[in-house]
Amino acid sequence: MKFTNIYDLPETIVNAVSAYSYPPKENRYSVTDLVSPPQIRQLKMKYWDMLEEDVSQRLWALLGRACHAILDKHSPEEALSEEKLEIEFEGVMIVGRSDLYHEGRLEEYKITSVFSFLLERNGKIRSEWEKQANVYAWAHTKLGRPVKELWIRAILRDFKQSEAIRSSDYPAIPFQSVKVPLWTLEGQERYIRARLDTHKALNPLCSDEERWLRGETWAVYKGDNRKAFKVFDNEESANKLAETDKTFRVVYRAGTYNRCENYCIVSKFCPQVKNENIESKGIKD
C-alpha cells in the first residue's frame with residue numbers, strides 16, 4: 001500500500017500515519033475486520049500493493065491512537081488496559097486489543113463526531129460499536145474474565161457549545177457514555193460464526209447499511225440561506241412547509257452511499273460500485 005502526501009504534511013505526521021497499516025491475513029481476523037464489510041477485506045487482500053491513500057485521510061485515526069495511548073497510561077492500576085486478545089475459533093485466529101477491562105466492566109473508547117455519535121445513540125443505524133464490543137466481551141470471557149457490562153465512552157471531537165445551548169438533543173458536553181446490550185455467550189458465538197461464513201463467501205456484496213446509505217431527502221431553504229431550514233425524508237412534508245412562507249424553496253437531495261464515495265479505500269477496485277456506475281450511465285461491457 002502506498003501513502004501519498006499531496007498537502008505536504010510534516011514528515012513526522014507522515015511517518016506516524018504510515019506506520020500503522022497492515023494487509024489482512026487469510027486466516028487471521030482482527031475484531032475490526034470481522035465486523036466490517038467482508039467485501040472490503042477481500043479487496044484489500046487482493047489489491048493491497050495497488051492501494052493508495054493520502055496521509056491527510058488518516059489524521060482522525062492518528063488522533064484516536066494518541067488519545068488511546070494517553071488513556072492507557074492513566075487507567076486504574078488493577079485494570080487491564082489495551083489488552084491484546086488472541087483466540088482460536090473454528091480454525092481461524094481472532095485478534096484485537098480491547099481498551100479497558102475493569103471489575104467485570106468492558107469499556108471501549110471512541111473518538112468520533114457528534115453526527116456519528118447521535119446516529120449510534122438514536123439507533124438510526126445498527127450499531128457496529130455494539131457488535132465490536134460484544135466480540136471483545138466474548139474474547140475476555142473465553143480467557144476466563146467474565147464481562148457483566150459493556151460501555152462506550154465517546155469523546156466528541158467536533159463538539160460545539162453553542163449547539164448544546166440551542167438544542168436539547170445535542171450532547172451537553174464533548175464526552176458521552178452509552179451502555180450497550182451485552183449478548184449471551186451463545187449469541188456472541190452465533191454472530192462470530194455468521195460473520196466468518198460471510199467473510200469466507202465468494203464475492204460478497206456490501207449492504208446499504210454497510211455502505212452508509214443516506215436516503216433521498218427534500219431540504220427546505222429560506223431565501224438565499226445556504227443552510228437548510230428543515231430537511232424531510234418525503235416530498236409532501238417539504239412542500240407543505242414551503243407553502244407556509246413565500247421565501248421558502250424546496251431542494252431535492254439524491255440518496256448517496258457515503259462510505260463508497262468518501263471513505264472506502266478499495267472503491268475504485270470494487271465490482272459492486274463499477275457495475276452501478278455502468279448501469280447508471282447505460283454502458284454495456
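1. The largest share of the lining of the largest cavity, three residues, is supplied by α3. A cavity here is a set of points on a 1 Å grid over the protein atoms alone where a 1.4 Å probe fits but cannot get out, and a lining residue has an atom within 4 Å of a point. The model is a predicted one, in which local features need pLDDT of at least 70 and side-chain atom pairs pLDDT 80 or more, while totals for chains, interfaces and linings use all residues. Residues are numbered from 1 along each chain as its sequence is written, and side-chain values use heavy atoms, without hydrogens and water.

2. As an overview, the protein chain holds eleven helices and 13 strands, counted as DSSP runs from the N terminus (helices H or I, at least four residues; strands E, at least two). Its C-alpha trace spans about 65 × 55 × 45 Å along the principal axes, and of its 285 residues 40% count as buried, where buried is under 20% relative accessible area, exposed is over 50% and partly exposed is in between, with a 1.4 Å probe and protein chains only. Among the contacts (heavy atoms within 4.5 Å) with a separation of 6 or more, 69% join residues 24 or more positions apart.

3. How many cavities of 30 Å³ or more are there? The count comes to two, and the largest has a volume of about 90 Å³, a volume being the space filled by probe spheres set on grid points that are joined across faces, edges and corners. Of the 13 residues lining the largest cavity, Gln39, Cys206, Cys260, Cys264 and Cys270 are the closest to its centre, and the elements giving two or more residues to this lining are α3 (38-47), α10 (258-263) and α11 (271-281). The lining has eight nonpolar, three polar and two charged residues; Ala, Val, Leu, Ile, Met, Phe, Trp, Tyr, Cys and Pro count as nonpolar, Asp, Glu, Lys and Arg as charged, and the others, Gly among them, as polar.

4. The second largest cavity holds about 30 Å³ of space, and its lining consists of Val31, Leu85, Ile94, Val95, Gly96, Val135, Trp138 and Ala139. Two or more of these residues come from each of β5 and α6 (128-142), and by class the lining divides into seven nonpolar, one polar and no charged.

5. The second largest pocket, a pocket being an open set of points with protein on both sides within 12 Å along at least five of seven lines, has a volume of about 370 Å³. Its lining includes Phe115, Leu118, Glu163, Arg166 and Lys227, and α5 (114-121) and α7 (161-166) each supply at least two residues.

6. Helix α4 (residues 59-73) has 15 residues and reaches 22 Å from first C-alpha to last, close to the 21 Å expected, that is, 1.5 Å times one less than its number of residues. Which residues of α4 are buried? They include Gly64, Cys67 and His68, and these lie on the same side of α4 because they cover an arc of only 100° around the axis, taken from the directions from the helix axis to the C-beta atoms. The cover over the buried residues includes β4 (80-89), β5 (92-102), β6 (105-112) and β7 (149-156), whereas the face turned away from the buried side carries the exposed Ile70 and Lys73.

7. Asp224 lies in the loop between β10 (217-222) and β11 (230-232), and Asp224 counts as exposed because its relative accessibility is 78%. From Asp224 to Phe248 there are 24 residues in sequence and 9.2 Å in space, C-alpha to C-alpha.
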